[in-house]
Amino acid sequence: MSAPDQQEDHYMHGADAAEQDRLEQLAVLLGGAEFLPPLNEGMNIIEFGCGTGAIARDVATRIAPGEVVGLDRQEAQLETARRIASDKGLKNVRFKQANAENAGEPDSVFDAAYCRFVLEHVADPVRVAQEMARVVKPGGWVCAYEWDNSCGTLFPESPAVKLVWEAIYRLQDMRGGDSRITGKLYGIFKRAGLANVRAEGFAWTITADERNKLEGYVGGAREIMSQTRDDLLAEKLVQPADLSAAEAQYQLLLESPDAYVFEGFCRATGEPANDSDSRRTD
Ligand SMILES: C[S@@+](CC[C@H](N)C(=O)[O-])C[C@H]1O[C@@H](n2cnc3c(N)ncnc32)[C@H](O)[C@@H]1O
């Protein structure tokens with residue numbers, strides 16, 4: 001196990017049981033491998049920033065007898081990922097500790113590489129995209145998926161929720177992440193030297209009749225508010241009253257017969273360029 005690097009200390013979500021539960025719930029809410037380009041039996045695939053391995057497990061069932069490697073910087077995530085995969089009897093997924101900037105894998109060995117909700121947290125997303133491209137064979141694909149923090153809408157309208165989330169994004173940026181990364185994914189993939197780059201937007205909604213989804217969505221948001229509460233107050237990005245007001249507005253959302261949630265996502269895809277000289281070398 002390598003020593004934790006400096007950025008890990010600033011990773012805003014941590015890896016405690018509540019955060020791990022949030023990630024598992026996220027996979028129930030948003031799905032596992034559905035956001036990825038086509039998967040075929042026998043493919044070998046690597047996930048960068050796999051967390052508790054929810055997506056990797058889904059990919060593993062779709063590409064068997066191919067193998068999935070999930071890498072993450074946090075050993076606590078990997079321990080949980082290994083335990084859940086083992087409990088489910090999955091034999092074709094393994095998890096390893098590594099920084100996304102250096103996967104510790106040879107060149108051109110995987111058919112595909114992907115990450116979800118990771119580039120927004122890394123110091124150099126171009127370098128991570130470049131690393132994903134490096135380990136993928138010519139003709140394979142690289143994919144990144146991110147939440148578009150600029151376009152969410154709630155009804156009933158919730159100005160305090162909006163205010164608190166803008167503060168959370170500010171905190172994320174102060175911690176070395178990029179809360180507005182979705183709009184940049186296309187350029188990041190191009191600068192990483194990927195070919196045939198595409199960036200596509202996806203919309204996602206929840207309405208009051210989708211009780212479980214609504215509760216899962218609010219539960220995840222409340223968990224991130226709780227994770228960041230102390231830092232938000234210490235940095236004076238919000239006042240305690242803002243947090244209480246946001247909490248009350250989430251409750252109103254849960255209770256409203258007209259509740260409506262709209263969220264957007266961006267998926268960037270590309271292929272490793274044949275000419276490795278075209279990749280960024282700095
Ligand atoms: C928000 S979680 C997403 C987990 C998973 N991709 C999912 O969608 O459920 C981000 C994960 O990326 C990991 N991570 C962040 N920066 C990383 C880096 N530089 N190298 C490797 N893993 C990283 C974190 O430890 C965390 O487990």
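At what angle do helix 8 and helix 9 pack, and how far apart are their axes?

Modeller: A word on the ground rules: this is a predicted model, where local features need pLDDT of at least 70, side-chain atom pairs count only at pLDDT 80 or more, and totals for chains, interfaces and linings use all residues. Residues are numbered from 1 along each chain as its sequence is written.

Now the pair: helix 8 (residues 211-234) packs against helix 9 (residues 240-255) at about 175 degrees, with the axes 11 Å apart. Helices here are DSSP runs of H or I, at least four residues, numbered from the N terminus. The axes are lines fitted to C-alpha atoms over the stretch in contact, and angles run from 0 to 180 degrees between N-to-C directions. The two helices are therefore roughly antiparallel, a label for angles over 145 degrees.

Who makes the contact (C-beta atoms, placed from the backbone, within 7 Å)? Helix 8 brings Leu 214, Glu 215, Val 218, Ala 221, Arg 222, Met 225, Arg 229 and Leu 233, while helix 9 answers with Pro 240, Leu 243, Ala 246, Tyr 250, Leu 253 and Leu 254. By class, that's 11 nonpolar, no polar and 3 charged, with Ala, Val, Leu, Ile, Met, Phe, Trp, Tyr, Cys and Pro as nonpolar, Asp, Glu, Lys and Arg as charged, and the others as polar.

Elsewhere, 7 strands form an open, mixed sheet in the order 3-2-1-4-5-7-6, where pairing takes at least two DSSP bridges and a strand is an E run of at least two residues. The twist averages 20 degrees from one strand to the next. Strand 4 (residues 110-116) and strand 5 (residues 136-155) pair in the parallel sense over 6 bridges, and Ala 112 has Trp 141 in strand 5 as its bridge partner.

Terms used
Parallel < 35°, antiparallel > 145°, perpendicular 65-115°, else oblique. Contact = placed C-beta atoms within 7 Å.
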